[in-house]
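Please keep the sequence and the structure at hand while reading.

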Amino acid sequence: MTTVNVYLNFDGNCEAAFNFYRSVFGGEFSYFSRFGEFQSEGITVSEGEANRVMHVGLPISKETILMGSDIHENTSENFKVGNNFTISVTTNSKEQADAYFASLSKNGTVLQAMELMFWGDYFGMCTDAFGINWMVSFNENGSVV
């Protein structure tokens, strides 16, 4: 089953926001990581950025996960409150991910081409022709975090 979730971006206050959302919706985080945890994967981050949230997932229901992250420090000048979300689509197959990504990115902008990422997902990001940001992913284990 293909799932669609909202992915929120923050400029350094993602952890506080998600602690608030957890107090509203209840439950526990399905995933929580910081940028600094991935330096061993060859990713270099500044001391200030190491504590920022790389990814957090908060299940709201069986089908829905509220997801988010902090933006990179060097992109904060482009950050706009109210336009800081992305629609995340998780597919059942790599082929389906490629098809969705090709259609969504047509006449739009590819931000991250579809490829296998260090966290295990086949993943890409784009902005469609209407200015909407999309993340498309497939995980062989069927996990959505």
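Between which two strands is the loop in which Thr-75 lies? Thr-75 lies in the loop between strand 4 and strand 5, and the coordinates discussed here and below belong to a predicted model. With a relative accessible area of 33%, Thr-75 is partly exposed. Although Thr-75 and Asp-11 are 64 residues apart along the chain, their C-alpha atoms are separated by 9.1 Å.

**Charged pairs**

As a general point, side chains of opposite charge can pair when their charged atoms come close.

| Arg-52 | Asp-11 | 3.2 Å |

In the salt bridge between Arg-52 and Asp-11, the closest N and O atoms are 3.2 Å apart. This pair links distant parts of the chain, since Arg-52 is in the loop between helix 2 (47–50) and strand 3 (53–59), while Asp-11 is in the loop between strand 1 (3–10) and helix 1, the two residues being 41 residues apart. Arg-52 is classed as buried because its relative accessible area is 13%, and that value falls under the 20% limit for buried residues. Asp-11, with a relative accessible area of 32%, is partly exposed.

Arg-34 is buried, its relative accessible area being 18%, whereas Glu-15 counts as partly exposed at 31% relative accessibility. From Glu-15 to Ile-60, which are 45 residues apart along the chain, the separation of the C-alpha atoms is 17 Å.

**Surface and backbone**

Which residues make the nonpolar surface patch of about 380 Å²? Phe-20, Val-24, Phe-25 and Ile-60 make this patch. One of these residues, Phe-25, has its place in helix 1 (residues 14–25), and at 47% relative accessibility Phe-25 counts as partly exposed. Why is Phe-25 counted as partly exposed? The reason is that its 47% relative accessibility lies between the limits, under 20% for buried and over 50% for exposed.

Asn-107 is found in the loop between helix 3 (94–105) and strand 6 (109–116). The phi angle of Asn-107 is near 65°, which is a positive value in a residue other than glycine. Asn-107 is also exposed, with a relative accessible area of 68%.

**Cysteines**

Is Cys-14 buried or exposed? Cys-14 counts as buried at 0% relative accessibility, and Cys-126 is likewise buried, with a relative accessible area of 0%. When a disulfide is taken as a pair of cysteine sulfur atoms within 2.5 Å, the count comes to zero disulfides.

**The largest pocket**

The volume of the largest pocket is about 1300 Å³. Its lining is made by 42 residues, and of these Tyr-7, Asn-9, Ser-69, Met-125 and Met-135 lie nearest the centre of the pocket. Which strands each supply at least two residues of the lining of the largest pocket? They are strand 1, strand 2, strand 3, strand 4 (65–70), strand 5 (85–90), strand 6, strand 7 (122–127) and strand 8 (133–138).

Methods:
Residues numbered from 1 in each chain as written. Predicted model: local features only at pLDDT ≥ 70, side-chain atom pairs only at ≥ 80, totals over all residues. Heavy atoms only, no water. Patch = residues over 30% accessible without salt bridge, like charges linked within 9 Å, V, L, I, M, F, W, Y side chains within 5 Å. Areas by Shrake-Rupley, 256 points an atom, 1.4 Å probe, with all protein chains shown as cover. Salt bridge = Lys/Arg side-chain N within 4 Å of Asp/Glu carboxyl O. Helix = DSSP H or I, 4+ residues; strand = E, 2+ residues; numbered from the N terminus. Buried < 20%, exposed > 50% of the residue type's maximum accessible area, 1.4 Å probe, protein only. 1 Å grid on protein atoms, 1.4 Å probe; cavity = no way out; pocket = protein on both sides within 12 Å on 5 of 7 lines; lining within 4 Å. Points joined across faces, edges and corners; volume = space filled by probe spheres on them.
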